[in-house]
Each structure stands twice: as C-alpha cells, then as structure tokens.
Amino acid sequence: MPAVPWWAVFSAAALPMLLVIGWTTATVRQPPGYDPWADTVSSLSSYGMLDRQILVGCLAGLGVAHLVTAVGLRPVRSGARTLYGIGGAATILVAAVPKTDSQTPPVHGIAAVVAFVALAAWPAVATLPVPRRDRNGHRQGPPRHDRRGWAAPRRSPVDQAADRSGRHQGHGIRGEPPARARPARQAARPWVLRPAAGGAASLVMLGFGLWLALQLPDGDWAGLAERLIAGTEAVWPLVVVLTLFRRARRRPGTAPG
C-alpha cells in the first residue's frame, strides 16, 4: 500500500486553516450590516465588499491545497482522487470569478456547485473496490469463475495484502477468503476507506449542501449552511491524510515519499 507523502499532511492541514482564517478575517472587516448566519461566504469576495482580496486569496489557496492533497492521497483509488481534484480546481474558479453586488455570474454559480458536489462525493467513491491490474499496469479482464459459478470479487491492494497475510488459514471457494480471514482483511483496511465511514461523510456533506440549496438565495441560514458544508469538506481530507500517514509510519514496509 503506497504511503502518503509528508507534504500532503501540510496541504491537508492548511485546508481548514485557510477557510477559517479567510472567512473570519473578511467578516471582521465588514460593516455592521453583514450577517454571517444569513450571508454566504462567497459574498465576502464579491465586488464592493471591504478587503474582498482577503477571501479571494484564501479561496484560491484553498483550491490549490485541495489539488495538492488529491495528488498526495496515493493509497486512495484514482477515480476518487480525480473527483477530489476537480473540486479543488472548481474552488479556484470560484475565487477567480467572484460575485457582483447585483447578480451571480453563471460561471461562479456552476463552479460553486461542481466544487461542493465533487468535494462531497469523493469520500464515498474512495471506498469502492479498486480494479485489478497486471504487472504492466493494464486492467485485467473479468474475474474467473469456479465450478460453482461464483465470481471472485475485485479487491483493492489493501484487501489483497490482508488475504495474503491470512493465507495460512486456508481458503474455501477459490479467490474467497474463509470466514476467519475476513476480520483480518476488514481490520487491514483503514477505517476512513471503509464504506460506512466514507458513505457517512458524503451523506453529511450532501445533506448540508441540500440545506444550502433550500436556503438560497435569501434564506435566514444560508451563511451557516455554506460554512458547515465548506468546513466539513475541508476537515475530512485532513482526517483521511492523518489516518493513512500514521498507518504508514506504523508499518515499516512503507515509507513516505
């Protein structure tokens, strides 16, 4: 299982820091009429707001940090990392095309939706099985069937390593570990990459996103809803990176890049 490089820890740690520092500092600089519970974070970067460059810079840095973290999440399947990187690139676009006082540019709105959805969906995608590949990196064909018609499921490198560690216990149907080996395989898989954890994280983020959609454009809690979804989407990558990084340090066979 590839290790998470040390620089990904710093980029993931910068995510919540940039977000909180950006919206807190920009809010303090606004006149008393600004309501952080009702007004969205994006409005702080709109034309006409005081020191809007503060949040524009933090949003751009947030998108870059998401991209760097996506590159560093080597143990995660490539599809989830690509989706995560799309969310980071869309965040940069949100900062590059800010809102105006009277309207929201279509590019800004589309980029914001893509960013929120991509950053909320990648934790669930990361829990999907990884397709099997040969030594040359080519995807292998459909799984082989045994005499009983059972098809061996495609397992991630983490699951395959756990299967090899429990091979001394013997197997039943070819390609399927016995019941005694399944707990070892489940324990070998990091909890942040298990369906229960990744699915729950995505559901929470998508739930906050739905609440934000219902609050826009003039809801009383639009600002709170946007801060909740943005906050959870910034904290979860840090949780995943720290979990995988600590796991690699406990295993002498993997070294950070």
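**Exercise 1. Work out how H1 passes H2 in this predicted model, and what makes the contact.**

Step 1: get the handedness. H1 crosses H2 in a left-handed way; left-handed is the label when the near helix is turned anticlockwise from the far one by less than a right angle, and right-handed when it is clockwise. Helices here are DSSP runs (H or I, at least four residues; strands are E, at least two), numbered from the N terminus.

Step 2: get the geometry. Helix H1 (residues 6-28) packs on H2 at about 160°, and the two axes are 8 Å apart. The axes are lines fitted to C-alpha atoms over the stretch in contact, with angles from 0 to 180 degrees between N-to-C directions. That angle makes H1 roughly antiparallel to H2 (under 35 degrees is roughly parallel, over 145 roughly antiparallel, 65 to 115 roughly perpendicular, the rest oblique).

Step 3: find the residues. Contact means heavy atoms within 4.5 Å. From H1, the contact includes Trp-7, Leu-15, Leu-19 and Trp-23, and from H2 it includes Ile-54, Leu-55, Cys-58 and Val-68.

Step 4: sort them. The H1-H2 contact splits into 15 nonpolar, seven polar and no charged residues. Ala, Val, Leu, Ile, Met, Phe, Trp, Tyr, Cys and Pro count as nonpolar, Asp, Glu, Lys and Arg as charged, and the others, Gly among them, as polar.

Before moving on, a word on the ground rules. Numbering starts from 1 along each chain as its sequence is written, and side-chain values use heavy atoms, without hydrogens or water. As the model is predicted, local features need pLDDT of at least 70 and side-chain atom pairs count only at pLDDT 80 or more, while totals for chains, interfaces and linings use all residues.

**Exercise 2. Check the span of H7, then find what its buried residues pack against.**

Step 1: the expected span is 1.5 Å times one less than the number of residues. For the 21 residues of H7 (195-215) that gives 30 Å, and the end C-alpha atoms are 30 Å apart, so the two agree.

Step 2: buried is under 20% relative accessible area, exposed over 50%, partly exposed in between (1.4 Å probe, protein chains only). Buried residues of H7 include Ala-197, Ser-202, Met-205 and Leu-212.

Step 3: those buried residues pack against helix H4 (106-125) and helix H8 (222-250).

**Exercise 3. Is Asp-39 buried, exposed or partly exposed, and what does Asp-39 touch?**

Step 1: Asp-39 sits in the loop between H1 and H2. Its relative accessibility is 27%, so Asp-39 is partly exposed.

Step 2: leaving aside neighbours within four places in sequence, Asp-39 contacts Gly-33, Tyr-34, Gly-223 and Arg-227. The C-alpha atoms of Asp-39 and Glu-226 are 9.2 Å apart, though 187 residues separate them along the chain.
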